[in-house]
Amino acid sequence: MSQAAGVNFKKSTIDALIAGFLALILFGPIVGVLLDGYQFNFETDRVAWMVAIVAIGRFAISSFFQTEKGIAMSFRYANSNDGATVLAPGHKSKMVWIIPLVIVIGLLIPFIASKYVLTVVILGLIYVLLGLGLNIVVGLAGLLDLGFVGFYAIGAYGLALGYENLGLGFWSMLPIAAILAAVAGAILGFPVLRMHGDYLAIVTLGFGEIIRLVLTNWASFTHGPNGISAPLPTLFGLEFKRRSRDGETFHEFFNLPYDSAYKYMFIYLVLFAVVWAVLFIKHRLVKMPIGRAWEALREDEIACRSLGLNHVLVKLSAFMLGASTGGLAGVFFATYQGFINPSSFTFFESALILAIVVLGGMGSTLGVVIAAFFLTVLPEMLREFAEYRVLMFGILMVVMMIWKPRGIVRVTRTGFAPKQGAVK
Amino acid sequence: MTTLMEFKDVDVYYGPIQALKKVSLSVNEGEIATLIGANGAGKSTLLMSIFGQPRISSGEIIYRGEDISQKSAHYVASHGLAQSPEGRRIFPGMSVEENLLMGTIPIGMDHAEEDMQRMFELFPRLLERRNQRASTMSGGEQQMLAIARALMSRPKLLLLDEPSLGLAPIIVKQIFQILKDVASTGMTIFLVEQNANHALKLADRGYVMVNGEIRMAGTGQELLVNPEVRDAYLGGH
């Protein structure tokens with residue numbers, strides 16, 4: 001730390017030159033040569049600008065990491081110790097104050113926000129559900145699942161097909177879709193009980209693709225790529241359409257002018273309640289023996305077996321609970337979109353959900369909630385950058401992983417307080 | 001003295017390779033029995049086969065009059081057998097107390113509080129570190145935790161796989177002293193070890209395993225002075 005006093009500008013300059021040279025090689029052909037009809041245009045100033053930005057940026061970073069603050073910062077990253085921190089037994093979470101506040105704000109949103117904001121928030125909440133579901137499988141039980149979108153699709157198609165073939169509405173399909181997805185989770189879970197890591201990832205990836213391909217190709221049942229419409233939720237039988245064939249609609253019953261925002265408000269409120277229910281259930285599960293068993297399985301499977309842990313039960317319960325949460329999210333997605341087709345359930349979705357879990361912090365509920373909003377709201381905010389959106393998105397992910405490699409929220413554990421006087 | 005657990009002509013295969021060849025041994029109630037042998041002799045295989053990992057291909061494992069060789073691991077664990085596996089295998093990211101709670105899985109949480117206090121009396125070091133992550137402890141403390149975790153399921157028979165693995169000699173001494181204390185409470189212990197000297201001094205009876213076969217059996221003292229054992233495992237003369 002002694003050389004921290006002065007910044008070695010020679011070293012920074014060399015770093016900057018190397019970075020600038022690499023940028024020249026990289027951007028030269030990509031940005032500098034523009035195809036215009038049958039000829040090339042050379043855009044040298046654009047390349048020069050980019051190289052200059054990279055070189056100056058590198059110079060700044062290099063200099064910064066030589067200052068005392070920079071050294072301390074890099075030291076912190078090098079020593080980011082793994083695992084969870086244990087809190088003192090009597091630790092009171094600050095969340096006690098925040099939760100009621102969030103609930104109040106959440107309940108006010110549909111009445112103050114515009115329709116556009118509301119739809120974005122609904123999408124965010126759907127991804128919160130997906131993230132919470134996958135968090136059980138990946139974050140807690142440590143089973144890398146790349147086909148999670150399959151359960152999402154089962155939930156969404158469950159609603160649409162249940163309505164078309166059996167006449168079941170949103171409210172009956174909500175639990176049924178969750179059960180269907182859980183059954184699918186068990187079907188996927190059984191053959192992969194003996195698999196770990198990469199192998200499991202490949203099998204689950206295949207599962208997700210199978211679901212999507214079946215939905216695409218079984219046209220007589222699912223309408224294939226043409227998609228299928230999904231019903232809207234009803235409020236005690238009142239529909240949210242402009243006109244209803246049977247019975248009254250919501251706005252007629254309450255003597256309100258028709259507004260398409262009502263249905264989003266209603267979906268939002270139901271979804272908001274479901275998300276809180278799932279959060280509560282998950283919060284309890286983690287503290288129960290089953291939650292601890294999931295984490296133990298993630299940490300050391302051999303130890304679990306030597307303890308006589310029933311790993312079939314533990315793995316299947318993780319798969320099924322995760323899947324049913326994904327199924328719930330699918331139902332909300334279908335009713336929110338009003339129309340679904342297989343292209344909504346590609347591998348990219350699975351990767352996005354996995355990104356939510358990793359970015360949020362494996363096993364951390366709060367982190368997943370934050371990350372889900374971050375990853376769904378951010379692309380909306382980046383709309384102005386048009387074609388650079390995905391690039392910006394990627395850069396932000398990389399920066400996040402460097403800045404917080406363990407995710408936004410590190411998992412903490414509350415210690416147990418021994419009974420007073422039992423042991424000195 | 002009644003027999004608590006008995007291996008009868010047990011064969012175990014890993015694919016085409018035979019790891020255990022007609023192994024027969026017994027553990028009596030209330031004693032410390034030990035199995036010593038070199039690397040790859042099949043000691044850990046024997047211990048894991050009690051939990052069905054791997055399954056034995058012929059023979060019987062009799063525990064309290066019942067053949068448990070085809071039972072599931074959780075059946076075995078919930079009927080009074082507990083194991084401290086090779087290499088400790090504690091849960092590194094969990095706190096010491098959570099590790100101990102994991103040990104109650106076979107029998108449920110009914111006695112968890114009371115048993116945990118008992119463990120803290122037996123292992124005062126664990127009390128000091130109860131809210132610490134298990135991975136931040138020393139090897140000896142981790143071994144203590146592994147033993148305590150096994151004891152949390154109130155076993156009739158404690159199976160230990162190389163508790164001295166990778167520990168400093170002074171810590172090994174401590175661990176064996178603890179095993180002696182545990183045994184004095186009436187616990188039956190079956191100890192699998194490479195550290196023949198310590199194991200045979202502690203044990204009432206011992207078996208020597210070579211290439212998947214039981215080569216010798218006798219009391220701990222007999223084996224300790226046996227010239228063949230001395231040559232092979234106790235560093236010569």
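Strand E1 (residues 3-14) and strand E2 (residues 17-28) of chain B run antiparallel and are joined by eight bridges. Strands (E, at least two residues) and helices (H or I, at least four) are DSSP runs numbered from the N terminus, and two strands pair if DSSP finds at least two bridges between them. This is a predicted model, in which local features need pLDDT of at least 70, side-chain atom pairs count only at pLDDT 80 or more, and totals for chains, interfaces and linings use all residues. Residues are numbered from 1 along each chain as its sequence is written, and chains are lettered from A in the order in which they are written.

Two residues lie between the strands, and Gly15(B) takes a positive phi near 60°. E1(B) also pairs with strand E4 (residues 58-63) of chain B, in the antiparallel sense over five bridges; here Glu6(B) has Ile62(B) as its bridge partner.

An open sheet of chain B has six strands with mixed pairing, in the order E6-E7-E8-E3-E9-E10. Strand E6 (81-84) and strand E10 (213-219) of chain B each have a single partner strand, so one side of each is left without a neighbour in the sheet. E6(B) pairs with strand E7 (residues 157-161) of chain B in the parallel sense over four bridges, and Ala82(B) stands opposite Leu158(B) in E7(B).

Helix H6 (residues 139-151) of chain B packs on the sheet, touching E6 and E7 of chain B, where contact means heavy atoms within 4.5 Å. The direction of H6(B) makes about 170° with that of E6(B); axes are lines fitted to C-alpha atoms, for helices over the stretch in contact, and angles run from 0 to 180 degrees between N-to-C directions.

How values were computed. Heavy atoms only, no water.
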